[in-house]
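Here is a short tour to read with the model open beside you. Take a moment to get oriented, then follow the topics below.

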Amino acid sequence: MIYKIPNIGFLCKYPRKYSTQITPKPFHEIPGPKCLPIVGTLWKYLPLIGKYKFDRLHWNGFLKLKEFGPLVREEMIPGLPVVWVFKPEDIEMVYRCEGRYPERRSHLALQKYRLDRPEVYNSGGLLPTNGPEWWRLRRIFQKDLNKIQNVRSYLSKSDYVIKDFMECRISKYQNDFLPELDRLYLELTGLVAFDELLGCFSGKEIEPGSKMSELIDAVAVINGSLLKTDNGPQLWRKFDTPLYKKFCKAHLYLEEIAKDFVYKKVLQLEENPSAAQRSLLKQYLLNEELDIKDVIGMAADLLLGGIHTMSYTSAFGLYHLSRNIPEQEIMFEELNSLMTRNDSITETMLNQATYTRAVIKEIFRLSPISVGVGRILAKDAVLSEYFVPSGTIVVTQNQITCRLPEYFQNPEEFKPERWIRGNHLYKNIHPYLVLPFGHGPRTCIARRLAEQNFQLFLMNIIRRYKLEWKGDDVLDSISIQINKPDKMVQIEFMER
């Protein structure tokens, strides 16, 4: 398997705290791939001659860790060093040095597109924006999404949507279940964000070329373009490259649908404020600190982030459960004691499903949403005894570290029990190892909602179906900013 690497425990012996008497090694001595003039290390990513791959960040990470150690310095673009961080103690230090307004260098094409359209947007939105403007948006938009009581208020409707999905789509899918999951999470996004049932499971919207089908395709194009435009020489900043043209066309489609939702809700509020049901969009429109352009940007961000992030994660979740029947049956027995097949899932059931929550943690360990988190350091740091100056781009490598035997016994095995106190497999796990949604002020704004929907989905599926994997032996990930399954998701669903 691609994850099998030699034991490298000797790399992880540095203390968590660094003595003030130790002089850090200079930044330029951090080991890493050789940087050539003009081309940097991009030549190492070229087909045939390069050993790295743009779309397999975790493969690259394992190779760099093995060759250079737990801290790696690389200049893909000359003069723009990036530091890859593997040790959990160093990852913790990265978050401690992110500053009041955590910054990152990502989603650059998204930022350019929106800033080039000031008639529609005030900013690049939450994803690429940094500094005080990012905090202004974050502070306002997170009010409804961060409170657990608000998230729980969507529980019954989300549970209904998932049960409807199971009735309409599971018996009809062919070859690849991933497109069906895309439809599920678009429907859940529409429900919470816009108080709309989009009809993604039946009728005309299920057909290729329908409005919702085209939206899913547009979001896939945008997400698939981000990593390619973030890395490399960025010629798209000077002229419209074919990739950037494709990105702009897809985002324009996304933008038009976001605007439709926003203006429809505006009309509802003007005609009868009490008629519009509670939704994120309604709350944002009623907030006097936001204007219509802020809300359009957030509506687009909700659509952009609400579909594939959790559809891909759910696909990996089904893969792990269908490949590990004993663990699947333990989960079923727990759920069988909490609910019948057609019960509506309640908050009490969510809280009592201890093994199910451990399953989710294990899924995030083995198949995280992304390889790690990028930050621009707000202040100087010492990582693995090297000095790293403020302003440096650092990228944590949680996906790689979570597969190392130094931190997890038998790391390739799917063992939810390792997360349950009192179980013989349980041990204290460094809190900065498994961070699927990031950490700190810039953690995923919809984390609580995503976790709730993911748990609802798994509980409904396992309570009703026994899963058996029918695809290739190993389902790995492709890096497109987030981790996408690299093969078809082929599951047999057998009624219990």
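Which residues lie nearest the centre of the largest pocket? They are Arg357, Ile360, Lys361, Arg447 and Glu451, among a lining of 33 residues. This is a predicted model, in which local features need pLDDT of at least 70 and side-chain atom pairs count only at pLDDT 80 or more, while totals for chains, interfaces and linings use all residues. Residues are numbered from 1 along each chain as its sequence is written, and side-chain values use heavy atoms, leaving out hydrogens and water.

**The largest pocket**
- Its volume is about 850 Å³, the space filled by probe spheres set on grid points joined across faces, edges and corners.
- A pocket here is an open set of points on a 1 Å grid over the protein atoms alone, where a 1.4 Å probe fits, with protein on both sides within 12 Å along at least five of seven lines; lining residues have an atom within 4 Å of a point.
- Helices H4 (131-146), H5 (148-152), H14 (347-352), H15 (354-366) and H17 (447-464) each supply at least two lining residues; helices are DSSP runs (H or I, at least four residues), numbered from the N terminus.
- H15 gives the most to this lining, with six residues.

**Salt bridges**
- The structure holds 34 salt bridges (a side-chain nitrogen of Lys or Arg within 4 Å of a carboxyl oxygen of Asp or Glu).
- One of them pairs arginine 152 with glutamate 347, with the closest N and O atoms 3.6 Å apart.
- This pair links distant parts of the chain, helix H5 and helix H14, 195 residues apart.
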